[in-house]
Amino acid sequence: MCGIIGIVGAAPVAERLVESLRRLEYRGYDSAGLAGLVDGRIERRRAEGKLRNLEAVLAADPLVATVGIGHTRWATHGAPTTRNAHPHVAGRIAVVHNGIIENFAPLKAELIADGHRFESDTDTEVVAHLIDRELAKGLAPVTAFKTALDRLSGAYALVVLVAGEEGLIMGARRGSPLVVGEGEGEMYIGTDALALGPFTNRVVHLEDGDFVDIDHDGARIFDRDGEPVERPLRIVPIASALVEKGNYRHFMEKEIHDQPDACQHTLSAYIDPITSTVSSPGVDFAAIDRLQIVACGTACYAGMIGRYLFESLAGLPTDVEIASEFRYREPALGPGALCLAISQSGETADTLAALRWCKERGITTAALVNSHESTMAREVDVMFPTHAGPEIGVASTKAFTSQVAALTALAIAAARQRNRIGAGEEARLAGVLLEAPRLIADAILDDGWIAPIAQEIAKARDVLYLGRGAMYPLALEGALKLKEISYIHAEGYAAGELKHGPIALVDEATPIIVIAPSDALFEKTSSNMSEVIARGGRVVLITDAHGATHAPEGVSVVIAPHCDPLVAPLVFAVPIQVIAYQVAVLKGADVDQPRNLAKSVTVE
Ligand code: M6R
């Protein structure tokens with residue numbers, strides 16, 4: 001899940017390639033590299049680690065080229081070193097790749113037997129050698145490329161530069177996204193429209209199996225059978241300016257503060273505040289007998305909250321499954337089912353595969369996505385938007401609460417459509433939900449409780465999170481947030497599960513964070529807290545002012561705004577995000593780009 005970019009330019013491209021790579025760093029930041037044509041020869045610059053390392057290399061040794069390709073890497077095959085950084089070069093060919101060439105090992109053995117010498121441990125390098133071998137046989141570049149593609153299995157988006165072919169870049173996609181952009185006397189090719197944003201908003205999304213060659217005059221696209229095809233040109237609403245952190249120290253901090261606006265904008269897509277009605281554009285939930293939610297990571301936890309809502313409000317049987325598991329079994333879904341994918345990026349490989357699995361079986365598909373130009377958004381029958389705006393921090397915050405806000409609205413719409421509630425109750429619930437942005441803002445303002453608790457948690461090696469009902473997915477989310485940015489081992493459990501095993505972990509060195517608003521389940525969770533305290537455990541209780549007055553003796557308390565249970569997952573998400581953020585800052589971790597991770601996971 002790397003980011004790739006290519007420019008056939010009318011002016012030098014190195015700086016612009018780097019600008020694009022900065023927008024693609026969400027896909028990986030293990031290494032970065034560029035290659036350009038200088039006097040018809042391939043020159044390349046590469047660096048291990050973040051993009052700024054490549055910029056330092058370029059400052060010391062500029063690359064002056066008007067045609068070039070670039071790459072930012074999330075390592076799959078081969079350590080994240082300069083030697084394994086893309087572009088990979090063989091003879092006259094330089095290649096950048098996003099995806100995995102699954103049959104690279106036999107191809108590599110064949111090429112070595114044929115006299116080719118490899119300089120990296122990557123799967124990608126075989127592609128450069130394969131194309132170069134065909135070129136050496138006298139084939140034209142496009143034919144050589146197509147012949148090499150026919151040997152590959154796995155997933156790829158590839159962009160290729162050919163020495164001696166000034167003004168030519170070739171690309172191909174199978175399983176990984178690739179778009180072509182049209183400029184004035186220039187052409188672009190890259191992973192997504194965001195990467196092309198500084199140069200053009202006129203993009204063509206290649207379809208699976210397509211390959212393309214671009215030059216100054218335009219693009220020629222061929223389908224998987226080699227037939228010339230036209231793909232529609234889209235004008236995409238991409239601002240050319242890169243999102244900035246402003247006065248915030250990290251994007252994650254900014255994005256936590258963006259949440260009231262993000263939820264407000266998202267809710268406005270579903271709720272009419274004048275009529276107090278809630279809609280689900282494109283889907284009639286009365287016509288559906290089962291909802292299957294598929295997602296990964298944080299988006300899956302949003303889906304788990306959605307399940308509570310769809311079942312309790314609308315009486316709609318709902319399952320939630322991690323997409324990577326869903327796709328590898330044979331789920332028994334009938335024609336009355338709706339498959340709903342939830343994804344910030346709209347590109348997560350496992351979620352996309354689960355959607356496609358459903359589509360192939362004639363099941364209606366929908367996606368709740370934040371990237372409205374993503375592959376999921378374009379492939380599903382119905383796209384439900386979140387309007388969180390670009391989320392840059394790897395740890396999802398505003399995308400999560402926007403997903404939960406949208407799911408809550410959709411569950412209310414479903415309840416009305418399925419005659420579970422009347423117009424009066426619909427209006428009341430809509431009113432409650434519209435209060436959420438203000439309550440989230442209050443929760444953000446009132447974070448003074450957290451600093452001393454974060455100091456304690458930062459010293460821990462292990463942390464447990466507990467919750468009941470809709471707070472259980474929040475416990476899972478809290479644990480994920482803490483481990484991904486602070487590298488502290490954390491686990492989330494349903495509070496009732498504590499005594500079925502995890503209680504053995506309780507000791508004075510393991511903080512237990514309990515998420516329990518003062519609702520119908522509070523007393524039961526309070527008993528679980530007492531069980532922990534009786535065994536010498538340290539409890540941090542996240543609750544509201546009423547819950548705080550009923551907290552067992554000896555717990556540390558974080559107070560969130562009192563709210564209706566309908567919006568509690570939105571309001572209580574804030575303190576768990578802030579705890580993770582503050583702990584990570586105290587530990588000096590790389591909050592926005594944690595080790596080993598990428599924002600968008602486009603490989604299995
Ligand atoms: O783009 P998606 O919403 O499909 O991404 C799913 C997960 O990779 C993502 O939520 C991940 O778990 C986050 N880093 C968690 O903060």
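Let me begin with a term: by a contact I mean heavy atoms within 4.5 Å of each other. With that in hand, and keeping in mind that what we are looking at is a predicted model, I can say that, among the contacts in the protein chain with a separation of 6 or more, 71% are made by residues 24 or more positions apart.

Now to the overall form of the chain. A compact globule of 604 residues would have a radius of gyration near 25 Å, and the value computed for the protein chain is 26 Å, so the two agree. Taken along the principal axes, the box filled by the C-alpha atoms is roughly 80 × 50 × 45 Å. Of the 604 residues, 60% are buried, while the accessible surface comes to about 22300 Å², with 51% of that surface belonging to carbon and sulfur atoms. As for charge, there are 55 positive and 78 negative side chains, and the centres of these two sets lie 3 Å apart.

In secondary structure, the chain comes to 20 helices and 27 strands, and it is divided into domain 1, covering 3–241, domain 2, covering 245–434, and domain 3, covering 443–597. If we take domain 2 and domain 3, their centres, computed over C-alpha atoms, are separated by 25 Å, and the contact between them takes 35 residues from domain 2 and 28 residues from domain 3.

Is Leu 352 buried or exposed? Its relative accessible area is 6%, and because buried means under 20%, Leu 352 counts as buried. Once its neighbours within four places in sequence are set aside, Leu 352 is in contact with Thr 375, Met 376 and Glu 379. Gly 334, by comparison, is 18 residues away from Leu 352 in sequence, and their C-alpha atoms are 20 Å apart in space.

The second residue is Glu 227, found in the loop between strand 13, at 218–222, and strand 14, at 228–229. Which residues does Glu 227 contact, leaving aside its neighbours within four places in sequence? They are Ile 221 and Phe 222. Finally, Phe 211 is 16 residues from Glu 227 along the chain, with a separation of 10.0 Å between their C-alpha atoms.

Conventions
Residues numbered from 1 in each chain as written. Predicted model: local features only at pLDDT ≥ 70, side-chain atom pairs only at ≥ 80, totals over all residues. Heavy atoms only, no water. Helix = DSSP H or I, 4+ residues; strand = E, 2+ residues; numbered from the N terminus. Rg over C-alpha atoms; globule rule 2.2 N^0.38 Å. Buried < 20%, exposed > 50% of the residue type's maximum accessible area, 1.4 Å probe, protein only. Areas by Shrake-Rupley, 256 points an atom, 1.4 Å probe, with all protein chains shown as cover. Lys, Arg positive; Asp, Glu negative; His and termini not counted. Charge placed at Lys NZ, Arg CZ, Asp CG, Glu CD. Domains from an automatic or database assignment.
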